[in-house]
Amino acid sequence: MTTFDDLDRRLVAALQVGPRATWGEIGGAVGEHERTVARRLQRLLATGAVRVTAILDELRCGLGTPMHLHVQVNPCTAEQVAESLSARPDTRSVYAVTGSADLGCELVAPSRELLHEILTTQIPATPGIAQTRTQVVLHTFQTVAEWHAPYLTEEEVARLKASAPAPAAPLPERVELTASDKEVVALLAADGRIGFTALAQKLDVSVPTARRRVAALLERAVVHLRAEVEPALLGLEVEAQLWLSVRAHGLDTVGQTLAGHPSVRYCAATSGTHTMIVQVVAAHEAELYRFLTTVVGPLDDVTDVNVTLITRAYKRGHLRKSGLLTLEYR
């Protein structure tokens, strides 16, 4: 099994901040020789421990409705159901979880017309599923792609961000993608570090044009580049999903506060029995307890907290999983 030492974890954290940064840029930011950076990260990428991909913001692009499903299954069918859900192209993530549900699933319905059919016909017809509950995403405060492992200084993070195209301000609320935009997104999702020369060849355009198209997508925050790695490999062995009930007038404040915490990988406002989902990682249970009592606890607008632990990931960001390793994009 692939194991990470302290330097590996720092380098992966740097890759999370700058997924397309050169080995020299990463080495310069963290104070390591370029050859050391290249040797270590290329090994982790080759083994499948780390995979660089891209996540499209379907909600802003009008290309789909993201939602989170709580899935209860018949006895002894969790593995079978998880594999069935993971095989669906519209599922982004699938987890085994503790609590009243057996599985958690993030799904993106490609259209409002299909939303009803997926929830009332397709998902319930999956063998082994006994019951589901749906929370539709209304607003995302932080995506997993914007999170990085907490092993870098603020100065190191700033140096890495300086080498990447920055999102424009203010960002448009809605963005319409062209056919060529979608081509670029698909290629970045399959390989987030694809070189501009290779990208230009696949798109049949010049290298400067390929570079401009990628920069335009990143500046509009249409697509988020992501270095995917299992948190456990980074020494963060406890992963939890918190379902919060938050007073409506406090949603923005609570969401922004939690999204800025280094332990929070994902934060979104949702419909349903709870109004916010927060995904948190910690080194151990005691650290999660401190997060609950010292970070969530003082937030007066949070009226209820339901904590579930993720015990296994079958799929993350459209990437299938095999234990702690990342497989193909689908």
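1. Among contacts in the protein chain between residues at least 6 apart in sequence, 76% join residues at least 24 apart. Please keep in mind that this is a predicted model.

2. On overall form, the secondary structure of the protein chain comes to 12 helices and 12 strands. The C-alpha trace spans about 50 × 45 × 45 Å along its principal axes. A compact globule of 330 residues would have a radius of gyration near 20 Å, and the protein chain agrees, because its own value is 20 Å.

3. Of the 330 residues, 52% count as buried. The accessible surface of the protein chain comes to about 14900 Å², and carbon and sulfur atoms account for 53% of that surface. As for charge, there are 33 positive and 37 negative side chains, with the centres of the two sets 5 Å apart.

4. The largest nonpolar core is worth a look on your screen. This core has 31 residues, and Phe-4, Ile-26, Leu-41 and Val-50 are those with the most contacts inside it. At least two of its residues come from each of helix 1 (6–17), helix 2 (23–30), helix 3 (34–47) and helix 7 (154–162). Helix 1 gives the most, with 7 residues. In soluble globular proteins, nonpolar side chains tend to be buried together.

5. What does Phe-4 touch, not counting residues up to four places away in sequence? The list is Arg-9, Val-12, Leu-44, Ala-49, Val-50, Val-229, Leu-233 and Leu-234.

6. Ser-263 sits in the loop between helix 11 (251–259) and strand 8 (264–270). Is Ser-263 buried or exposed? Its relative accessibility is 14%, so Ser-263 counts as buried, the cut-off being under 20%. Leaving aside residues up to four places away in sequence, Ser-263 touches Trp-147, Gln-279, Val-280, Val-281 and Phe-291.

7. Glu-106 counts as buried because its relative accessibility is 10%. With residues up to four places away in sequence not counted, Glu-106 touches Met-67, His-68, Asp-90, Thr-91, Arg-92, Ser-93 and Tyr-266.

Terms used. Residues numbered from 1 in each chain as written. Predicted model: local features only at pLDDT ≥ 70, side-chain atom pairs only at ≥ 80, totals over all residues. Heavy atoms only, no water. Core = buried A, V, L, I, M, F, W, Y, C linked by side-chain atoms within 4.5 Å. Buried < 20%, exposed > 50% of the residue type's maximum accessible area, 1.4 Å probe, protein only. Helix = DSSP H or I, 4+ residues; strand = E, 2+ residues; numbered from the N terminus. Contact = heavy atoms within 4.5 Å. Rg over C-alpha atoms; globule rule 2.2 N^0.38 Å. Areas by Shrake-Rupley, 256 points an atom, 1.4 Å probe, with all protein chains shown as cover. Lys, Arg positive; Asp, Glu negative; His and termini not counted. Charge placed at Lys NZ, Arg CZ, Asp CG, Glu CD.
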